[in-house]
Amino acid sequence: MINPLRGMKDLIFDESRKYQHIIYAASNIAKNYGYEYIETPILEETALFKRSVGESSDIVGKEMYQFRDKGDNDVCMRPEGTAGVVRAFVSSKLDRQDGTYRFCYYGPMFRYERPQKGRLRSFHQFGCESFGESSVYEDFVMMSMIKDIFNALNIGYTLKINSLGCKDCMPAYREKLVAFLDGTKNELCIDCNRRIDTNPIRVLDCKVEKCQSMFNDSPKLLDNLCDVCDSDFEKLKSLLDNANIDYEIDTNLVRGLDYYNKTAFEFISSEIGSQSAIAGGGRYDRLVEFLDGKPTPAVGFALGIERIMDLVILPEPKREGYYLGSMNEDGVEKLLDTSLKLRKKYKVTLEYKAKSLKSHLKSADKVGAKSIIFIGNDELANNTIWIKDLETKEEKTIKIEDFNSLKETV
Ligand code: HAM
């Protein structure tokens, strides 16, 4: 038997239902916020992720599904959705048009991580990317949208926010931080030591406790913002306050991808164990430029669908549609025509096997049909069908051609 690869899984029955339920809720809300659906390839040039997610990130450094294709191209299964959408934005020359463009997407992402609860190698995201808006209002509106999505799905969360500054204030902060870290190098883990040289601010979200305790006295991002970043962050906080959206400030929240600046945020659940981030995102005002486009401010986020699936409760399924069955072969054949007609409008289950009424009633229950249509010996002889509404328990016998021509039923 061939099983799925380690860290990959099939979504089936309740899980695939939850997947669809989440995507449906998120897509509808994103539509109300002006997001258009975009679909980009799963396979992209490896260079795309190196230049966007960044060579210093774990994702690019350790976790890429990267290989040479038959044409010897260096390609990679997307580890996240933002890079592809930004590439599509530049490929479509939208960076040269004025205006705001908002895109949403969903689908599988691939990271060669160590699998554990909530951490898969093939997982799904729903994401949104907004281009052309530098106003912090857009960051706020995006967080409101995520709040709406979690409310619609009945999911609790904690919102954490931070500001990662910009190209004007970050270089000086980075120098201060590196000077501080140089004094603590021997106490820090191997990953932190590597990051001091590649991307020092990434040390701040190291998960090793000893490292974290060393950072208590480190220079803080939020104390080192330039006036513009500082006032944008203050504005963001007051917008969230006014909208009664609770948040925590986490000055060590730096995100695992290198393209962010200014606002960074994560939505955390306390109910799913250590892999607790259910959504993450932020501003990436320089990424379009890094991918050869005209400088364009941008902000986005992605939800982790599998982690949300662990929190979502599916609504009670409502009985719907028709179950059709007969006691004999000729009856089944008669029901074929009726079933095709009904299927134009309703969910229909037609049982091909001739069985007793009792057995059909059981099957109708199992598939959650609202009504059963049955042809027994009498019905067959009289060219009629017996219909029972399994909710109201109303039942009637009518001519089959009358039923087939009834406008209100079909
Ligand atoms: P990310 O934080 O790497 O951001 O991923 C977003 C969400 O995907 C996480 O919060 C988590 O719920 C889920 N996720 C990540 N890795 C895994 C995994 N191995 N298994 C299961 N779920 C996972 C991004 O990917 C950015 N592209 C978000 C973004 C969009 N920023 C701006 N625009």
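Good morning. Of the 410 residues in this chain, 50% are buried, where buried means under 20% relative accessible area, exposed over 50%, and partly exposed in between, with a 1.4 Å probe and protein chains only. The model is a predicted one, in which local features need pLDDT of at least 70, side-chain atom pairs count only at pLDDT 80 or more, and totals for chains, interfaces and linings use all residues. Residues are numbered from 1 along each chain as its sequence is written, and side-chain values use heavy atoms, with hydrogens and water left out.

Let me turn to the overall form. The chain has 15 helices and 16 strands; these are DSSP runs, helices being H or I of at least four residues and strands E of at least two, numbered from the N terminus. The radius of gyration is 28 Å, well over the 22 Å that the globule rule gives for 410 residues, so the chain is more spread out than a compact globule. That radius is taken over C-alpha atoms, and the rule is 2.2 Å times the number of residues to the power 0.38. Along the principal axes, the C-alpha atoms fill a box of roughly 95 × 50 × 40 Å.

Which of its residues are buried? They are M170, Y173, L177 and L181. Viewed down the axis of α6, these buried residues fall within an arc of 70 degrees, so they line one face of the helix; the arc is that of the directions from the helix axis to the C-beta atoms. On the other side of α6, A172, E175 and A179 are exposed.
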